[in-house]
Amino acid sequence: MSENQTAVIERSTELRRAFDRSFSEAPVAGASQWDDLLDIRVGSDPYAIHLDQVTGVFADKLVTPLPGSFPELLGIAGFRGAIVPVYDLRSLLGYTRGGSQRWLILIAGQTRIALTFDQFEGHTRVPRTAIAKEASGETQRLSVREVIRTASFVRPIVHLPFVLEMIRKRVPQGNLQKE
Amino acid sequence: MWTFGKKIAAGFAISFALLAGIGTVAYRSTVSLTRTSYSVAHSHLVLETIANVLSQMKDAETGQRGFLITGDDAYLEPYRSGRDSVEKLVKDLRELTADNPRQQKRIDEVEPIIAAKLAELKQTVDLRRSAGFEQARIVVQGGAGKRSMDDIRRVLEQMDLEERDLLRQRASEVEASASGARLTIILGTLSCLIFVSATGFYLTHSLTSQIGSVVRHVQSSSAELQSAANQQATGAKEQATAMNEITTTIRELLATSRQIAESAQRVSQIAEQAVSAAVSGDGTVDKAHESIGGIRHQVDLIVNHMLELGKKSQQIGAVLEIVSELAEQTNILAINATIEAAGAGDTGKRFAVVADEIRKLADRVAGSTKEIRSLIDDVRSAVNTTVMATETGSKSVESGSNQFADVATAFKQIADLVGTTTEAAREIELSTKQQTTAVEQVNVAIANVAQTTKETEASSGQTLQTASQLALLSGELLRLVQSQASA
């Protein structure tokens, strides 16, 4: 048996053990000390989004373009039987338009709005102590007010309420769909 | 323009003609003078003979008178001498005057008178001796003897007169001939002298000018000849030097040719060995060609297997894409389940645990999928690299096979060429030997040429010396001609 085969078997055994352990252990106390976030990329920059500010993650949704002078509005898409306007997070964060725009999130709240971004990197759970307020000099954008700061990286957290506020300022209230 | 020979010949011809004319005239005058002189002498002889006839008749009469007077026989001596001589003298006189009819007629006339006188003398002598003086005196006194003697004197005197007339006539002819000869000689000599002088002056002037011109040309040509001879001598020296160098080079060439002949012989031997090696190598090439064919077949199999492996890897990649897509969808589903569970409050916490585990599994599947994709990419890359390398190797083997076929063909050609080379080496060996022989002959010929060149060099020096002497002689001749001309 080769060395690679031995390593693969060890990894498989460890995965099975961890899977079994997750169902055998009691629920973790103090779960409220952790925050769930979605790791995304806008352009080539990494960002994070609080999971509790999102009601769904989707991919490869058909977006129907709408005529209008609001460039951030890409169009409309159907989510679970509802028509939701889709906005470009790149444009809203000040990036130039473009990219694949394959991924979408549905923002939690009364107003149903979907945002597109370039890449979805996964779900991450970080201790709340790792989330820090945006320090002056790290980013000048009002859309980023917190960052995930670990020993190895710093990832800005997109402040979705500000994004929603920015959309509301640009779009007449009547055009926004209420839940 | 007349040549020197013509001019000189014409001068001499005219001079000869003049001399011939003068000589002819002088000869004719001399002949005439001689002939006239002979006639004068003849006339003198006739006169002398006439005088002798008369003298002998007188002597005979004188002896007859002395004997008649004395009766002494001693006085008869003149008588006998005269009697005996007269007859011969008359005969001579007849012969001397044979060309003169008048004189012949007179001789005919006087001859019987002389005979009668001699008979009268004999009669009286005989009477004196037989009858004595008186009888003889009677006969003498009869006067017959005296008349005869007078007739003889008369006829002889006529003959003498005629001869003397002839003598005077011939003397005047001699004088005329001598005068003509003298005049001819004097005038001819004078005219000849004038002509010769004029001709000499003309020839001298003409020949001097022409010879001077020619001599100047000769002098110029001599100078050119001297220069040419000098150049020829220099060239002959250079040629001699060059011939020495050529001789040395030919000797070196001879040595080189011998070395080449030896080398060609060795080349021939080596070529024969090469032919053997080529024949042996031809079999080896055939075996190697078969081996390369086997290698090409194996390489083709490897390529096919690797291409099949690449196809399988692509299929695995396609399936893995499906797995990755499922993992991604599972992950999305788990995240959405987590979100829904969070929205369900406390009742959703347990579901949230399951959803979280599903999400973790989806993440792990996604990670494993990435690893597998990476491994498959490595495999596909390795397969592609192997296929490319194998195809390259196949092409190399194909190319090598083709090249080896070319090599085999070339090797056969080489073998043939080596055989041809062997023949050529043998021909070269023979040719080189012949060339060596030819070079030896050339060496001998070059030695002869070198000897000839040395002789030419010596001859050139002699020519130069001769040209210099000719130049000096032409200069001296020109000075002579010009001095004569100026004189």
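Author: Accessible areas come from the Shrake-Rupley method with a 1.4 Å probe, and for residues only the protein chains shown count as cover. In this predicted model, chain A exposes about 10,200 Å², of which carbon and sulfur atoms supply 53%. Local features need pLDDT of at least 70, side-chain atom pairs count only at pLDDT 80 or more, and totals for chains, interfaces and linings use all residues. Side-chain values use heavy atoms, without hydrogens and water, and residues are numbered from 1 along each chain as its sequence is written.

Reader: Which residues touch the most other members of the largest nonpolar core?

Author: In soluble globular proteins, nonpolar side chains tend to be buried together. A nonpolar core is a set of buried Ala, Val, Leu, Ile, Met, Phe, Trp, Tyr and Cys residues joined through side-chain atoms within 4.5 Å. Here the largest has 33 residues, and Ile105(A) and Leu115(A) touch the most other members. Helix 3 of chain A (residues 160-170) gives the most to this core, five residues; helices are DSSP runs of H or I, at least four residues, numbered from the N terminus.

Reader: Which residues is Ile105(A) in contact with, leaving aside neighbours within four places in sequence?

Author: Contact means heavy atoms within 4.5 Å. The partners of Ile105(A) include Leu38(A), Ile49(A), Val54(A), Phe117(A) and Leu160(A). A second, separate core of 26 residues includes Met57(B) and Met149(B).

How values were computed:
Chains lettered and ligands numbered in written order. Buried < 20%, exposed > 50% of the residue type's maximum accessible area, 1.4 Å probe, protein only. Helix = DSSP H or I, 4+ residues; strand = E, 2+ residues; numbered from the N terminus.
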